[in-house]
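This report concerns a single protein model. The sequence and structure are shown first.

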Amino acid sequence: MDTRGVTRRKFVTGIGVIGAASAVSPGLALASSSRAIDQLSGHRFALDIGYRAVNFTGVERLATTVNGGVPGPVLRWREGDRVTLDVRNHLSEDTSIHWHGMILPTDMDGVPGMSFAGIKPGESFRYEFDVRQCGTYWYHSHSGFQEQTGLYGAIVIEPREAEPFPADREHVLLLSDWTDDDPASVYARLKKLSHYYNFQERTVADTWQEIRERGVSATWRDRKMWNQMRMSDSDLADVTGYTYTYLMNGVTPADGWRGAFERGETVKLRFINGSAMSIFDVRIPGLKMQVIASDGQPVEPVTVDEFRIGTAETYDVLVEPDHDSAYTIFAQTLDRTGFARGTLTPDPSLVAEVPLMDPAPTLGPTDMGMGGHTGHSTHFAKADADASHSHSHNHNDIVGGVGLAAAGGGSKARITHGSEEFGPHVDMRAENPVSGIDDPGVGLRHHQHHYGRRVLNYADLKSLNPTEDPRDPTREIQLHITGNMSRYMWSFNGVKFADAEPIELAFGERVRFHLVNDTMMTHPIHLHGLWSELETGDGAALPRKHTVLVQPGKTASYLVSANAVGRWAYHCHMQFHMMGMMREVKVT
């Protein structure tokens, strides 16, 4: 392979070509990739948060680590046990750990300013709680940009009863993104120019190609629409492979993480998206994957070739390699600017071919809410920055209204209306949005037809166990996912977190959250402390999730039982969206 002209950074991140690991100079060894991830089990844990020099790209940088590692150690717990975790802060700033997806007391949730005061430099904090669930979860900082700089790790909880889907072997696969830049600088660049990291804008050659394929009139109408909206149809990710290196268990694509198997074994792979800003599409060429859990909760098995994993989501899959050959675990980003990769192999000397990334997708009518995948007519309207959309006012119930029958299967929830201005924080609004539950998302919709790859979508997910709370919701809380891309401002209902009042729930009530994505981007929405029971069409088997991907121009709804008193964070899990797109959910 001729690697002339391929920079060191392009080589290790997978932006350019991928070659043999032997092409990497020994003097540029990657600090984290030679180190196996520690695994800690038991009831008591000591976790030290500190700094450590790492080298992922040939440039040494300072990471924020747990017990010296990026990722931090895998924490193995057992359902029904009580765990104690002493966290000591060796940083020069406050820190915290949030136990993502865990159902626990509010003062143990780890959100500074909401759950507790945070952990000061030189001080310790003791987390202590009962483990009331099993499955695959993860932990990360909820302070500043520390998650982006390395403070994250996996949690594996063994069930008290027998495993519903036993395996002969398992591997944890934690996906993440790393930048050599200061995350504060990355955020500052986005505030000044939201498409700073997007190098996939259309060229003159692209326009001529489109004219040849669609004709002058259709091309002109399309270009005019995008220009009027001051938007780009290639704007799929805010931060891209231009600055990101994508990691699997802390290993770059150049080296590639490796996991063992023996032919004939059933292998469980626990996928965790621990990235700050990246959505991955995962496949293993040559192997079918049987999805058996989503966000730690068991689901009826679904056999697929590919699945999308949003930021903060987890999926468990089973694979059954039936040959003595290696297989590549391939996780390409939604915008196709890079990938993470690993190898399942029966022999350390065997490697598998790394597939090419799929072509970079572009946003189309479906993603702009103009109808398409679902067969319903929907369209986006350019929002007037000076216009407000008024309804009757109620601070505790956010704007309610559309799509109740479709979202809730005809249940008789009371729809309450609130009033919040959709002003300068909003540059687009969706009109007549439809559910995106059966939509695998941009870049995946035609994979069955083009590549013969079956892709998972949310409609495939059915809980293995019956829905615990069979009650219909008594009210619906509707939230618009809003943003102003040109100003890089993110919010719910056009109101940033600093100016928003809490969403108040009464203890014990059953509520529907109905999300309307008014933006062009896919957003992973995370509710702390309470399960989000996704409405996928079968009310008797609602899959329980802690993070829900909401497609551009689409809606998603889920039911929540307010069974945990406290103050809970509710936010988009994109690190650079979270400051504005966040609310407090208060259960009293």
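The model is predicted: local features need pLDDT of at least 70, side-chain atom pairs count only at pLDDT 80 or more, and totals for chains, interfaces and linings use all residues. Residues are numbered from 1 along each chain as its sequence is written, and side-chain values use heavy atoms, with hydrogens and water left out.

**Cysteines and burial**

With a disulfide defined as a pair of cysteine sulfur atoms within 2.5 Å, the count comes to zero. Residues are classed as buried (under 20% relative accessible area), exposed (over 50%) or partly exposed (in between), using a 1.4 Å probe and protein chains only.

| Residue | Relative accessibility | Class |
|---|---|---|
| Cys134 | 22% | partly exposed |
| Cys572 | 0% | buried |
| Val70 | 3% | buried |

Val70 is located in the loop between strand E3 (60-66) and strand E4 (74-78). Its C-alpha lies 8.6 Å from that of Val54, a residue 16 positions away in sequence. Helices (H or I, at least four residues) and strands (E, at least two) are DSSP runs, numbered from the N terminus.

**Helix H2**

Helix H2 spans residues 183-192, and its residues Pro183, Val186 and Leu190 are buried. Because these residues cover an arc of only 55° around the axis, they lie on the same side of H2; the arc is that of the directions from the helix axis to the C-beta atoms. The buried residues of H2 pack against strand E10 (169-179), where contact means heavy atoms within 4.5 Å. At the N-terminal end, Asp182 caps H2, with a side-chain oxygen 3.0 Å from the backbone nitrogen of Ala184.

**Pocket and cavities**

On a 1 Å grid over the protein atoms alone, a cavity is a set of points where a 1.4 Å probe fits but cannot get out, and a pocket is an open set with protein on both sides within 12 Å along at least five of seven lines; lining residues have an atom within 4 Å of a point. Grid points are joined across faces, edges and corners, and a volume is the space filled by probe spheres set on the points.

The second largest pocket has a volume of about 710 Å³. Its lining comprises 37 residues, with Gln297, Pro298, Glu468, Trp531 and Arg544 nearest its centre. Strands E13 (267-273), E15 (289-294), E16 (297-304) and E33 (554-561) each give two or more residues to this lining.

The structure holds four cavities of 30 Å³ or more. The largest cavity has a volume of about 160 Å³ and is lined by 15 residues, of which Asp439, Pro440, Tyr458, Leu549 and Gln551 lie nearest its centre. Strand E32 (547-550) and E33 each supply at least two residues of that lining.

Technical notes: Polar contact = N/O pair within 3.5 Å; in protein donor to acceptor, adjacent residues only side chain to side chain.
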